[in-house]
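Subject: Structure handover

Hello,

Here is the structure you will be working with. Please open it alongside this message.

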Amino acid sequence: MSTHSAQKRWAAIWLKRLPADRLARLGCAAPDGLALYVRVGNAHVISAVDQKAARLGIHPGMALADARAQRPDLRIEEAAPHEDARVLDRIAAFCERWTPSVVLDSPDGIFLEIAGAAHLFGGEEKMRALIRKRLGEHGYGARVGVADTPGAAWALAHFSNDLIAPAGESEKALAPLPIAGLRLEPQGEALLKRLGLSTIGDLIARPRAPFAARVGERAQRLLDEALGRAEPALTYRRPPPEIFATRQLLEPLMDADSLFIAAKDAAADIADLVERRGLGVRRLGLTLYAVSGTPRRIVIGFSTPERAPEDLAKPFLERLRGGAESFNFEFGVEAIRLDALETARYDADADRTSARLVDALAARLGADAVERLACADRHTPEAAEIKESALRPPAANAAPARAPRPLKLFARPELIEAIAPIPDGAPMRFRWRRVLREVAHAEGPERIAGEWMHKEAPTRDYFQIEDQTGARYWIFREGLYGRETNAPRWFVHGLFG
Amino acid sequence: MRKPAHALLLAAPAKVETPERKGFFGLIPPARLHEAIPQTSADAPRAGFLLAALAKTLKAPGAPLLWVREAEVGGEGGELYAPGFAQLGLSLADLILVRARKRADALWAAEQGLKREGALTLLELGARGRDIDLTATRRLALAAESNGATALMMRGDLAGASAPSAAWTRWSIARAPARCAHANEIGPLSMTASLIRDRGGAHHARFFLEWSEDEHALRAEALGGDLAEAFAGGPARAPRLRRA
């Protein structure tokens, strides 16, 4: 559950050997280790290694030829930064099961904001352990640091043995770490070293002004961010919702009914949060995090804002049941998250009978498949009705035209061949959908001019037509004979029944 | 409201009810599933119109009217048009329109609409698609009867006329030329409705139906047979909704 207080806590995940781990997952492990290389000018240089290769003395920055000479059995692959980036994003998506506030830190890091989430796991230490364990199960080695700021957590993950800095103790935790923990550019770092500053603590102790002048604003900024004196610019992988609730499931669930119970439980949290704000939920997203595989998301809408836990959860049951096969959760779902994607003022007295029918229909068939109709005060027949998703608030309804209107209207008027004995009169017979129809009776014309904003639209003369079999059509002639056109065209626009 | 004693006497069923005696509306009680089948494919729009016209009498005021249409129906016969619907005297505020891509979705949606007393569901099916079997109609009929809601279903396939069904009544609908059209006056929209199945006991009956624009109501007149003539032109009364 989110508390979103000002106090934030950050976990920095460092995927130390992301490129090698990615290849190992593809079955590229080798007895003498694995190394990846990049081309630098004409040379091939090692860019990443796995743990085995590292133990055997192969390290990034080494020339590929040297590595080969040292370890002839070393497996060599070309680096693929695009693939690494793709995998990093997938791991970040995986992390969203723990918290919605996930920030990508390319090329090999992820930040999670965990202030509101850690208690669900029994505290930060347990959550940290769980993250490492779960990523490890998927083949990714990770170091995870936790602190008040992303910068401090990053420094801990990369350089510290104590991986958690308690709230308010970032400065103390960072002080003994090397200046590299600030993530300065290499030149800046080299400069500081030449000045004899080796730890972050040395920097903190220096007077601010000269330090800023010498090393530049960038270093000052990084230090301030790590110490929480300045807000870092972060881009969330997906903007975290203001109101959400998560549930970590004790054991993976596969069946729709158990998942529904978990969703209902999480909905109780959402209900509390929206109630405190006097709101109801208009759109609710349920994300299912499978033990392996991509998360699935189901979004449902409420035509009238709801907030009772049962009402919030109910539409998901149908979707979970209907989608259970297609979701194909091989090993079950281990976590769920509910996001209040859209909220609105809650009206306790609103009549919800048909609203709930609409919601149930839209949850399974889609918001576009369920519509409400209204009449608009416009002359053009196409503009005289409003068709909108029934999840939207209903449109104001005008009185329908006085002249007869058909029950069914074609989305596009259908061109017909008509024979009219007099230019302005009704047709005598016409061919529609390849069948010749003899007109028995006609009523009209009703003249409908193009609306002023569409001056170019020709005038239409509408007729109600009954053919000899009793079928009823709404037909129009487009264009005034002799004034707008010499060859008016005829259309069937609708059927009366 | 208590009825006077003589009214109760008059209302007592003295003899076997004939379809003609029941009248058209008496044959279509609420809280049941009823079926309409177009006599030819060209009659499908008229059958759809009849469903809407019946909504006037079968729906409780303020209760939802769920109109479920298979996507195919809209392409063939046009989309439901709000001004035309409102001109039938029906409230657009009660209307919920569902466009179903699959037949299974259409049947499921129709069932949802039958979950409240007094509600009405119109189900307009196309000519193609999987056959509607006995189980499917049984579900709808059961939902209608147990919840006091009414379901009207149009089968678009003409073969449906002989398909097994749990519907209370089944009607064959054909368009008919207006009987009283004049020069530049087209006359009332007309059709014939033939009762081809009736669980209520009647076997066959035919009615001539006209839509009166002035009264916003269907006028029904029994056709065929000597007995029918005795009732020809008689007033058709809308049935009262059963209240649980």
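Below are the notes on what was found in it.

This is a predicted model, in which local features need pLDDT of at least 70 and side-chain atom pairs count only at pLDDT 80 or more, while totals for chains, interfaces and linings use all residues. Residues are numbered from 1 along each chain as its sequence is written, chains are lettered from A and ligands numbered from 1 in the order in which they are written, and side-chain values use heavy atoms, with hydrogens and water left out.

The interface

Between the two chains, 52 residues of chain B are in contact with 49 residues of chain A (contact means heavy atoms within 4.5 Å). The buried area is about 4,200 Å², with carbon and sulfur atoms giving 58% of that; buried area is the accessible area (1.4 Å probe) that two parts lose on being put together, summed over both. On the chain B side, B:Tyr81, B:Trp108 and B:Ile186 lose the most area to chain A, together 20% of what that side buries.

How many salt bridges cross the interface of chain B and chain A? The rule finds three, a salt bridge being a side-chain nitrogen of Lys or Arg within 4 Å of a carboxyl oxygen of Asp or Glu. One of them joins A:Glu371 to B:Arg99, with the closest N and O atoms 2.7 Å apart. By class, the side of chain B that touches chain A has 29 nonpolar, 11 polar and 12 charged residues (Ala, Val, Leu, Ile, Met, Phe, Trp, Tyr, Cys and Pro count as nonpolar, Asp, Glu, Lys and Arg as charged, and the others, Gly among them, as polar).

A:Glu371 also stands opposite B:Leu97 in β4(B). Strand β12 (residues 370-375) of chain A pairs with β4(B) in the antiparallel sense over two bridges. Strands are DSSP runs (E, at least two residues), numbered from the N terminus, and two of them pair if DSSP finds at least two bridges between them.

Within chain A

Strands β2 (residues 34-40) and β3 (residues 43-49) of chain A pair in the antiparallel sense over six bridges. A:Arg39 has A:His44 in β3(A) as its bridge partner. The hairpin of β2(A) and β3(A) has two residues between the strands, and A:Gly41 takes a positive phi near 65 degrees there.

Regards

How values were computed
Helices (H or I, at least four residues) and strands (E, at least two) are DSSP runs, numbered from the N terminus.
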